[in-house]
Amino acid sequence: PGIGWVICDEYFNTGIPFHFSPRQLLKKQLARLKAQKFGLNVGLEVEWYLLRLAEHHLGDEHIGRPGLKGRAPRTHPVEPGYSYHSESNMDLMQPVFSALGSAFDTLGLDLRSIENEWGPGQVECTFAPRDALEAADNVVLFRTATRQICRRLGYHATFMCRPALKGYYSS
């Protein structure tokens, strides 16, 4: 509630599409496929890490300046990891999973599964196949919504391939 999402294509003032726009690049490739009588559907499978925030207030050390980032907030694992689909580990993350599942449903993202993966707090979300452009838009919406919802609940969601934290496994 109270948040809008606008998906659009970028153009120069002349009306020419912005050539580095990911949506424009994808549309160009999809047009090439269509000319050969092909299409592309994508079923998203996204792995990410759910962490609990250890610092709930930002201080001076977290504030950067142009060209220099501030210190990232401290986090800790939300569950111990290394046990696929562990019901006790899943239970530690269930309040977040319930909030995310409800939001994804409201957003029409067609979530198929949300599961505990291998690393500590590593999560996998899978979505029903969609047209490639819709899937691309959906992954951006999914990541943005996931970060926002987790932050509101006192957690941190990261989509880094391998966070520089002890024992973390690559996504």
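A salt bridge is a side-chain nitrogen of Lys or Arg within 4 Å of a carboxyl oxygen of Asp or Glu. By this rule the structure has eight salt bridges. This is a predicted model, in which local features need pLDDT of at least 70, side-chain atom pairs count only at pLDDT 80 or more, and totals for chains, interfaces and linings use all residues. Residues are numbered from 1 along each chain as its sequence is written, and side-chain values use heavy atoms, with hydrogens and water left out.

**Confidence**

- The protein chain has an average pLDDT of 93, and 100% of the residues score at least 70; pLDDT is the predictor's confidence in each residue, from 0 to 100.
- Helices (H or I, at least four residues) and strands (E, at least two) are DSSP runs, numbered from the N terminus.
- Among the elements of the protein chain, the highest mean pLDDT, 98, belongs to strand β1 (residues 41-42), and the lowest, 92, to strand β3 (residues 75-77).

**Salt bridges**

- Asp9 and Arg23 form a salt bridge in which the closest N and O atoms are 2.6 Å apart.
- This pair links distant parts of the chain, with Asp9 in the segment before α1 (22-35) and Arg23 in helix α1, 14 residues apart.
- Asp9 counts as buried at 19% relative accessibility, and Arg23 is buried with a relative accessible area of 17%; buried means under 20% relative accessible area, exposed over 50%, partly exposed in between (1.4 Å probe, protein chains only).
- Arg23 also meets Asp137 in a salt bridge, at 2.8 Å from N to O.
- Asp137 lies in helix α3 (residues 132-152) and Arg23 in helix α1, so this pair ties together parts that are 114 residues apart in sequence.
- Glu134 and Arg130 form a salt bridge at 3.7 Å, N to O.
- Both of these residues count as partly exposed, Glu134 at 36% relative accessibility and Arg130 at 24%.
- Salt bridges with shared partners join Asp9, Arg23, Lys27 and Asp137 into one network.

**Largest pocket**

- A pocket is an open set of points on a 1 Å grid over the protein atoms alone, where a 1.4 Å probe fits, with protein on both sides within 12 Å along at least five of seven lines; lining residues have an atom within 4 Å of a point.
- The largest pocket has a volume of about 370 Å³, a volume being the space filled by probe spheres set on the points, which are joined across faces, edges and corners.
- It is lined by 14 residues, of which Pro1, Ile3, Leu107, Ala145 and Gln148 are the closest to its centre.
- Helix α3 gives the largest share of the lining, six residues.
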